[in-house]
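Take a look at the sequence and the fold below. Then work through the briefing, one topic at a time.

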Amino acid sequence: MLTLDQVKRKSAASLGKLHPAVQAGATKLIERSYARGVPIVITQGMRSIAEQNALYAQGRTKKGPIVTNAKGGSSYHNYGLAFDFALLLPDGTSLSWDMSRDGDKDGAADWQEVVQEARKLGFEWGGDWTSFKDYPHFQMTFGLTTEQLRAGRRPTAQQVQDALARINANESGNNNEVIITLNGHKIAEGLMDGGTTYAPVRAVAEALGAEVTYDPASRTVKLVTR
Ligand SMILES: [Zn+2]
(Lines give C-alpha, C1' and ligand atoms only; values in the text may rest on other atoms or scores of the structure.)
Protein backbone atom coordinates (compact mmCIF):
# COMPACT_ATOMS: atom_id res chain seq x y z
CA MET A 1 0.00 0.00 0.00
CA LEU A 2 1.42 3.36 -1.04
CA THR A 3 1.58 6.01 1.67
CA LEU A 4 -0.03 9.39 1.08
CA ASP A 5 3.43 10.99 1.08
CA GLN A 6 4.64 8.63 -1.65
CA VAL A 7 1.55 9.43 -3.69
CA LYS A 8 1.86 13.19 -3.19
CA ARG A 9 5.53 13.24 -4.16
CA LYS A 10 4.57 11.97 -7.63
CA SER A 11 2.68 15.19 -8.32
CA ALA A 12 5.11 17.68 -6.82
CA ALA A 13 6.58 18.81 -10.14
CA SER A 14 3.21 19.36 -11.81
CA LEU A 15 1.77 21.28 -8.88
CA GLY A 16 4.62 23.75 -8.74
CA LYS A 17 3.53 26.61 -10.97
CA LEU A 18 -0.23 26.36 -10.49
CA HIS A 19 -2.23 29.30 -9.20
CA PRO A 20 -2.19 29.07 -5.36
CA ALA A 21 -5.93 28.28 -5.08
CA VAL A 22 -5.76 25.64 -7.81
CA GLN A 23 -2.64 24.19 -6.23
CA ALA A 24 -4.38 23.97 -2.85
CA GLY A 25 -7.41 22.36 -4.50
CA ALA A 26 -5.31 19.87 -6.46
CA THR A 27 -3.39 18.92 -3.33
CA LYS A 28 -6.66 18.44 -1.47
CA LEU A 29 -7.96 16.34 -4.34
CA ILE A 30 -4.95 14.01 -4.05
CA GLU A 31 -5.61 13.65 -0.31
CA ARG A 32 -9.35 13.15 -0.59
CA SER A 33 -9.04 10.65 -3.43
CA TYR A 34 -6.43 8.74 -1.45
CA ALA A 35 -8.77 8.65 1.55
CA ARG A 36 -11.32 6.99 -0.74
CA GLY A 37 -8.78 4.38 -1.80
CA VAL A 38 -7.92 6.03 -5.11
CA PRO A 39 -4.31 7.22 -5.48
CA ILE A 40 -3.91 9.76 -8.28
CA VAL A 41 -1.12 11.71 -9.93
CA ILE A 42 -1.34 15.24 -11.32
CA THR A 43 0.30 14.65 -14.69
CA GLN A 44 0.21 18.23 -15.96
CA GLY A 45 -0.35 21.62 -14.39
CA MET A 46 0.93 24.89 -15.75
CA ARG A 47 1.71 24.76 -19.45
CA SER A 48 3.53 27.59 -21.21
CA ILE A 49 2.04 29.12 -24.35
CA ALA A 50 4.86 27.56 -26.44
CA GLU A 51 4.11 24.14 -24.96
CA GLN A 52 0.42 24.66 -25.65
CA ASN A 53 1.15 25.51 -29.30
CA ALA A 54 3.29 22.38 -29.64
CA LEU A 55 0.42 20.33 -28.22
CA TYR A 56 -2.07 22.00 -30.56
CA ALA A 57 0.13 21.08 -33.54
CA GLN A 58 -0.14 17.40 -32.62
CA GLY A 59 -2.63 15.73 -34.95
CA ARG A 60 -2.68 18.83 -37.19
CA THR A 61 0.75 19.77 -38.50
CA LYS A 62 2.54 17.08 -36.47
CA LYS A 63 2.01 13.35 -35.99
CA GLY A 64 -0.21 11.89 -33.31
CA PRO A 65 -3.81 12.13 -32.19
CA ILE A 66 -5.49 15.47 -31.52
CA VAL A 67 -5.43 16.05 -27.78
CA THR A 68 -6.52 19.66 -27.49
CA ASN A 69 -8.62 22.25 -29.26
CA ALA A 70 -6.81 25.07 -27.52
CA LYS A 71 -4.04 27.11 -29.14
CA GLY A 72 -1.40 28.80 -27.01
CA GLY A 73 -3.04 31.28 -24.66
CA SER A 74 -6.52 29.81 -24.97
CA SER A 75 -6.16 27.02 -22.42
CA TYR A 76 -6.63 27.53 -18.68
CA HIS A 77 -3.43 25.50 -18.29
CA ASN A 78 -1.55 28.52 -19.66
CA TYR A 79 -2.58 30.52 -16.59
CA GLY A 80 -2.05 27.81 -13.98
CA LEU A 81 -5.81 27.38 -13.54
CA ALA A 82 -6.09 23.80 -14.85
CA PHE A 83 -4.53 20.43 -14.29
CA ASP A 84 -4.80 16.89 -15.62
CA PHE A 85 -4.71 13.70 -13.59
CA ALA A 86 -4.33 9.95 -13.99
CA LEU A 87 -4.88 7.00 -11.68
CA LEU A 88 -1.74 5.72 -9.98
CA LEU A 89 -1.53 1.93 -10.01
CA PRO A 90 -0.45 -0.08 -6.94
CA ASP A 91 3.10 -0.54 -8.30
CA GLY A 92 3.55 3.16 -7.51
CA THR A 93 4.80 3.98 -11.01
CA SER A 94 2.31 3.03 -13.72
CA LEU A 95 -0.52 5.36 -14.62
CA SER A 96 -3.96 4.44 -15.86
CA TRP A 97 -6.60 6.37 -17.78
CA ASP A 98 -9.07 3.49 -17.54
CA MET A 99 -12.33 5.19 -16.57
CA SER A 100 -14.00 1.93 -15.61
CA ARG A 101 -11.25 0.72 -13.28
CA ASP A 102 -12.39 -0.01 -9.72
CA GLY A 103 -9.05 -0.55 -7.98
CA ASP A 104 -10.45 -0.21 -4.46
CA LYS A 105 -13.29 -2.60 -5.29
CA ASP A 106 -16.00 -0.44 -3.77
CA GLY A 107 -18.34 -0.75 -6.72
CA ALA A 108 -17.66 2.81 -7.88
CA ALA A 109 -15.35 3.60 -10.79
CA ASP A 110 -12.22 5.24 -9.36
CA TRP A 111 -12.35 7.93 -12.04
CA GLN A 112 -15.85 9.01 -10.96
CA GLU A 113 -14.82 9.06 -7.31
CA VAL A 114 -12.11 11.56 -8.21
CA VAL A 115 -14.56 13.63 -10.28
CA GLN A 116 -17.00 13.76 -7.35
CA GLU A 117 -14.33 15.02 -4.99
CA ALA A 118 -13.10 17.58 -7.51
CA ARG A 119 -16.60 19.00 -7.95
CA LYS A 120 -16.95 19.43 -4.20
CA LEU A 121 -13.71 21.40 -4.25
CA GLY A 122 -15.11 23.75 -6.88
CA PHE A 123 -13.50 22.38 -10.03
CA GLU A 124 -15.10 22.13 -13.45
CA TRP A 125 -14.52 18.77 -15.17
CA GLY A 126 -13.51 18.44 -18.82
CA GLY A 127 -15.69 15.33 -19.04
CA ASP A 128 -18.76 17.56 -18.73
CA TRP A 129 -17.96 19.49 -21.88
CA THR A 130 -20.16 18.81 -24.86
CA SER A 131 -17.91 19.57 -27.83
CA PHE A 132 -14.54 18.12 -26.87
CA LYS A 133 -14.54 15.92 -23.81
CA ASP A 134 -11.29 16.07 -21.85
CA TYR A 135 -11.69 13.42 -19.17
CA PRO A 136 -8.43 13.88 -17.24
CA HIS A 137 -8.91 17.67 -17.03
CA PHE A 138 -10.07 19.93 -14.20
CA GLN A 139 -10.09 23.71 -14.12
CA MET A 140 -11.08 26.62 -11.91
CA THR A 141 -11.95 29.61 -14.05
CA PHE A 142 -13.21 32.17 -11.51
CA GLY A 143 -15.69 33.23 -14.19
CA LEU A 144 -12.91 34.49 -16.44
CA THR A 145 -12.61 33.58 -20.11
CA THR A 146 -9.20 32.77 -21.56
CA GLU A 147 -9.54 35.97 -23.65
CA GLN A 148 -9.83 37.98 -20.45
CA LEU A 149 -6.89 36.11 -18.94
CA ARG A 150 -4.83 36.73 -22.06
CA ALA A 151 -5.66 40.43 -21.72
CA GLY A 152 -4.17 40.33 -18.24
CA ARG A 153 -7.19 39.90 -15.99
CA ARG A 154 -6.77 37.63 -12.98
CA PRO A 155 -9.02 36.30 -10.21
CA THR A 156 -9.63 38.92 -7.53
CA ALA A 157 -8.24 38.53 -4.03
CA GLN A 158 -11.80 37.96 -2.81
CA GLN A 159 -12.40 35.20 -5.37
CA VAL A 160 -9.18 33.48 -4.35
CA GLN A 161 -10.10 33.78 -0.68
CA ASP A 162 -13.54 32.29 -1.36
CA ALA A 163 -12.04 29.41 -3.32
CA LEU A 164 -9.56 28.65 -0.54
CA ALA A 165 -12.34 28.83 2.04
CA ARG A 166 -14.32 26.30 0.04
CA ILE A 167 -11.33 23.99 -0.29
CA ASN A 168 -10.61 24.15 3.42
CA ALA A 169 -14.22 24.20 4.62
CA ASN A 170 -14.62 20.94 2.83
CA GLU A 171 -12.06 19.46 5.15
CA SER A 172 -13.63 20.61 8.41
CA GLY A 173 -17.11 19.84 7.12
CA ASN A 174 -15.95 16.33 6.46
CA ASN A 175 -13.84 15.68 9.51
CA ASN A 176 -11.98 12.45 9.97
CA GLU A 177 -14.18 10.86 12.63
CA VAL A 178 -15.76 7.59 11.62
CA ILE A 179 -18.30 5.25 13.18
CA ILE A 180 -17.42 1.57 13.32
CA THR A 181 -20.26 -0.93 13.21
CA LEU A 182 -20.42 -4.70 13.56
CA ASN A 183 -23.33 -6.37 11.83
CA GLY A 184 -25.08 -3.03 11.74
CA HIS A 185 -24.55 -2.11 15.40
CA LYS A 186 -22.26 0.71 16.42
CA ILE A 187 -19.37 -0.63 18.49
CA ALA A 188 -16.88 2.23 18.49
CA GLU A 189 -15.82 5.57 17.09
CA GLY A 190 -12.55 5.90 15.24
CA LEU A 191 -10.50 8.25 13.12
CA MET A 192 -9.56 7.95 9.51
CA ASP A 193 -6.24 9.38 8.40
CA GLY A 194 -5.27 8.85 4.80
CA GLY A 195 -5.95 5.19 4.12
CA THR A 196 -5.67 4.07 7.76
CA THR A 197 -8.51 3.79 10.23
CA TYR A 198 -7.61 4.17 13.91
CA ALA A 199 -10.00 2.50 16.33
CA PRO A 200 -9.96 1.54 20.01
CA VAL A 201 -8.68 -2.03 19.90
CA ARG A 202 -10.56 -3.21 22.99
CA ALA A 203 -13.97 -2.13 21.75
CA VAL A 204 -13.46 -3.76 18.37
CA ALA A 205 -11.78 -6.93 19.64
CA GLU A 206 -14.30 -7.55 22.40
CA ALA A 207 -17.17 -7.02 20.01
CA LEU A 208 -15.60 -9.73 17.86
CA GLY A 209 -15.30 -12.03 20.89
CA ALA A 210 -11.59 -11.65 21.53
CA GLU A 211 -9.89 -10.94 24.84
CA VAL A 212 -7.43 -8.07 25.03
CA THR A 213 -4.41 -7.80 27.27
CA TYR A 214 -1.42 -5.53 27.24
CA ASP A 215 2.15 -6.46 28.09
CA PRO A 216 4.00 -3.24 28.97
CA ALA A 217 7.44 -4.91 28.99
CA SER A 218 7.25 -5.82 25.32
CA ARG A 219 4.76 -3.05 24.48
CA THR A 220 2.50 -5.64 22.92
CA VAL A 221 -1.26 -5.64 22.70
CA LYS A 222 -2.36 -9.28 22.72
CA LEU A 223 -5.63 -10.49 21.28
CA VAL A 224 -6.79 -14.00 22.11
CA THR A 225 -9.83 -15.53 20.58
CA ARG A 226 -11.77 -18.12 22.54
ZN1 LIG B 1 -6.02 19.66 -19.21
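Predicted model: local features only at pLDDT ≥ 70, side-chain atom pairs only at ≥ 80, totals over all residues.

The axes of helix 3 and helix 5 come within 9 Å and cross at roughly 135°.

**Helix 5 and its surroundings**

- Helix 3 passes helix 5 in a right-handed crossing.
- Helix 3 brings Leu29, Arg32 and Ser33 to this contact, and helix 5 brings Glu113, Val114, Glu117 and Ala118.
- Helix 5 spans residues 110-120. Its buried residues are Asp110, Trp111, Glu113, Val114, Val115, Glu117 and Ala118.
- What covers these buried residues? The cover includes helix 3 (20-35), along with strand 1 (40-44), strand 2 (82-88), strand 4 (124-125) and strand 5 (137-139).
- Gly122 follows helix 5, and its phi is positive, near 100°.

**Domains**

- The domain assignment divides the chain into domain 1 (4-173) and domain 2 (177-225).
- How far apart are the C-alpha centres of domain 1 and domain 2? They lie 38 Å apart.

- Three strands form an open sheet in the order 6-7-8, with antiparallel pairing.
- Strand 6 (177-182) and strand 8 (196-198) are the edge strands, and each pairs on one side only.
- On average, neighbouring strands of this sheet are turned by 45° against each other, direction ignored.
- Strand 6 and strand 7 (residues 185-193) run antiparallel and are joined by six bridges.
- Two pairs can be picked out here. Leu182 stands opposite His185 in strand 7, and Ile179 has Glu189 of strand 7 as its bridge partner.
- Strand 6 and strand 7 form a hairpin with two residues between the strands. Asn183 in this hairpin takes a positive phi near 50°.
- Strand 7 and strand 8 also run antiparallel, joined by three bridges. Met192 has Thr197 in strand 8 as its bridge partner.
- Is strand 7 covered or open? Strand 7 is hardly covered: of its nine residues, the count of buried ones is zero.

- Strand 9 and strand 10 (residues 220-225) pair in the antiparallel sense over six bridges.
- One of the pairs links Glu211 to Val224, its bridge partner in strand 10.
- The two strands form a hairpin with four residues between them. Arg219 sits in the turn and has a positive phi of about 50°.
- Why does strand 9 lie largely in the open? Strand 9 (residues 210-215) has six residues and the number buried is zero, so it lies largely in the open.

**A closer look at Ala203**

- Ala203 lies in helix 8 (residues 201-207).
- Is Ala203 buried or partly exposed? Ala203 has 17 C-beta neighbours inside 10 Å, so it counts as partly exposed. A buried residue would need 20 or more.
- Ala203 touches Ile187 and Ala188, not counting residues up to four places away in sequence.
- Ala203 and Ala26 are 177 residues apart along the chain. Their C-alpha atoms are separated by 37 Å.

- Most residues other than glycine have a negative phi. The two residues below have a positive one.
- Lys105 has a phi near 50°. Lys105 is found in the loop between strand 3 (95-96) and helix 5.
- Phe142 has a phi near 55°. Its place is in the loop between strand 5 and helix 6 (146-150).
- Phe142 has 22 C-beta neighbours inside 10 Å, so it counts as buried.

Note on methods
Residues numbered from 1 in each chain as written. Buried ≥ 20, exposed ≤ 12 C-beta atoms within 10 Å, placed from the backbone. Contact = placed C-beta atoms within 7 Å. Pairing = 2+ DSSP bridges. Domains from an automatic or database assignment. Axes fitted to C-alpha atoms, helices over the stretch in contact; angles between N-to-C directions. Left-handed = near helix turned anticlockwise from the far one by under 90°.
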